[in-house]
Amino acid sequence: MSATERADGAGIPPSANPWVDAQRNPEFAELRRRLRGFVLPMTALFLSWYFLYVLLAAFAPEFMSIRLVGHINVGLVFGLLQFVTTFVITLCYVRYANRRLDPLSSRLRARLEGDPR
Amino acid sequence: MTRQLAQGAVGEPLLNVGIFGFFVLVTLVIVVRASRRTRTAADYYAAGRSFTGPQNGVAISGDYLSAASFLGIAGAIAVYGYDGFLYSIGFLVAWLVALLLVAELLRNTGKFTMGDVLSFRMRQRPVRAAAAVSTLAVSLFYLLAQMAGAGGLVALLLDVTGTVGQALVVAVVGVLMIVYVLVGGMRGTTWVQIIKATLLIAGAGLMTVWVLGSYGLDLSALLGDAAAQSPRGQAVLEPGLQYGTSLTSKIDFVSLGLALVLGTAGLPHILMRFYTVPSAAEARRSVVWAIWLIGLFYLFSLVIGYGAAALVDGGPARISSMPGQENSAAPLLAYQLGGELLLGFIAAVAFATILAVVAGLTITASASFAHDVYANVIKHGELDPDGEVRVARITACVIGALAIAGGIVALGQNIAFLVALAFAIAASANLPAILYSLFWRRFNTSGVLWSMYGGLVTCVTLIVFSPAVSGTPKSMFPDADFALFPLRNPGLVSVPLAFLLGYLGTVLSKQTDEAKYAEMEVRALTGAGAEQPTPHRGPGGAEVDHAPAP
């Protein structure tokens, strides 16, 4: 199946441009929704969490200096938690991409490139 | 620029040079072997897109963990304590921007450079010219930082403190880097990064285990000793030592934090690495590997920094007084722990780091000039790839010469700070345009130009009129005073402004190309029509033989 025929399967009249057809395809819209629905809120989340840390370090040093155990204070734990969240978000994204993004995107790609998969 | 020698060099200069010489020899052999497989432009710029995700991930961490990370951050933690830690957190969290928003989409839509993605649906010539200008600006700033680091390092390790001697070392580093890039292209440079990253992370890991081991894995005791040794006492464990003195310096700290977290995904030499893998999925894997390695390394540097404060004879006061100042913390700790041999190893790794990073920067800057400016702006895209690569090689020599000259001028500057400025430029000039171009349908040529030139000019202007350049005893020109802008870090002003300008430039221009945006978005998300690995190095016949998409 070639790229120009592809839109028929989705029940949309083909236009002159196969890319525009592909973009209008509901499956593609679903892929975009899934991608943006994950990465945009996640970006807002980790940036807020990071700036909370930066602002606390700058403007609430007394809070960050509270000792928890021995010489380990809130600031150090907060900083190390930034490492933890970075690792966790990375793992979540990989899992999400493998399950929810890759199957859909490779199906769309195969169709666009004329692979009968 | 000449600094008075406080105490003599540490360690055995001949041993340090010997270990480094061995590294150079081994990498040169690898680079020469790699050059035999470099035939096409895709080989030279993108290593035939044949590296695996994990290999590229290690190479990315090699590119990213520069002398500023290794010497600068450990030193900042040793002397300023907690405030040095912020650098590493910003540098790490920044990778989430690259992972979630940039890496895969960029791999799917570009070919060799940042300019490929930015100009995808825009007017080619002005946008590529802007991308090249910004790439050259970021890369040159970054190069200066690394070169200055090389000078400081030899002051400590080889007892070379005269300006002439340090300049000579900078020149040698520059010439070696040109050789790597000319001979090995991206494939050779990538292998140098992989070897260097492995040595660096192993060396830092060894020192970390050693330090923690000597405290029986008791982090709290280590911190206690670091505080006891420091002239500032308990304050080194708390935020505010470097940036907490006034409201201005606190705002400066937030500004730095912003530039660090948004700069990474706009660094051209990092973006270019995503083209060395065969697919977007491999680009994702490389970022994941990079995040693990870089995160691990910054955890090591926390221990190394406080370890240097706690264990080095004379503590932070002596570190500050050494030639190379706080940048000497990690080498001094190595000497304290493992004597001449460990120092020799760490010193060689630090040199290798500088060498590898400058090679990565040089190939990026030269690719951007040859591919974006020469082939597409001057020759209107009618240049054969061989001609393009020839121009890239000539450019590499010119950039090498510039870096040597600039590096000599920048000797003695704090390298972590110089790198922070490169990040500020990347965050202002590049990132807003990249994000708009990948996510905003309406974005157009005028938006790109406003955002990139606006971000770049604002950022550089604010730096010139900042206290970093004039007005204080620690400035670049301590005797002059034209510091009209109060912050040392311009990001807080220039990044939002670049986003705003990108928006205004777009809505004030009618131009928009819906069909091209459709093509870009579909290609970005599905990978259809993405650049394939070079056939003679392809992982499997079927993948490579695909016809390109319509």
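This passage walks through the two chains of a predicted model, from their overall make-up down to a single residue. Since chains are lettered from A and ligands numbered from 1 in the order in which they are written, and residues are numbered from 1 along each chain as its sequence is written, every name below can be found in the structure. Because the model is predicted, local features need pLDDT of at least 70 and side-chain atom pairs count only at pLDDT 80 or more, while totals for chains, interfaces and linings use all residues.

Chain A comes to five helices and two strands, where helices (H or I, at least four residues) and strands (E, at least two) are DSSP runs numbered from the N terminus. Read from the N terminus, the order is α-α-α-α-β-β-α. Of its 117 residues, 32% count as buried. Here a residue is buried if 20 or more other C-beta atoms lie within 10 Å of its own, exposed if 12 or fewer, and partly exposed in between, with C-beta atoms placed from the backbone.

Chain B is built from 20 helices and zero strands. The radius of gyration of chain B is 23 Å, close to the 24 Å that the globule rule gives for 550 residues, so chain B is as compact as a globular protein of that length. That radius is taken over C-alpha atoms, and the rule is 2.2 Å times the number of residues to the power 0.38. Along the principal axes, the C-alpha atoms of chain B fill a box of roughly 70 × 50 × 45 Å. Buried residues make up 65% of the chain.

Contacts say something about how each chain folds back on itself; two residues are in contact if their C-beta atoms, placed from the backbone, lie within 7 Å. In chain B, residues 24 or more positions apart account for 81% of the contacts with a separation of 6 or more. For chain A, 45% of the contacts between residues at least 6 apart join residues at least 24 apart.

Where the chains meet, chain B gives 45 residues and chain A gives 47 residues. On the chain B side, the elements that give two or more residues are α5 (82-109), α9 (219-229), α10 (247-263), α12 (280-311) and α19 (514-526). The largest share, 10 residues, comes from α5(B). This side divides into 31 nonpolar, nine polar and five charged residues, counting Ala, Val, Leu, Ile, Met, Phe, Trp, Tyr, Cys and Pro as nonpolar, Asp, Glu, Lys and Arg as charged, and the others, Gly among them, as polar.

Now for α9(B), in which B:Leu222, B:Leu223, B:Ala226, B:Ala227 and B:Gln229 are buried. Seen down the axis of α9(B), these residues fall within an arc of 165° (taken from the directions from the helix axis to the C-beta atoms), so they line one face of the helix. They pack against β2 (72-73) of chain A, together with α8 (163-214), α12 and α13 (315-321) of chain B.

Finally, B:Val349 lies in helix α14 of chain B. B:Val349 is buried, with 25 other C-beta atoms within 10 Å. Not counting residues up to four places away in sequence, B:Val349 touches B:Leu199, B:Leu200 and B:Gly203. The C-alpha atoms of B:Val349 and B:Val373, 24 residues apart along the chain, are separated by 35 Å.
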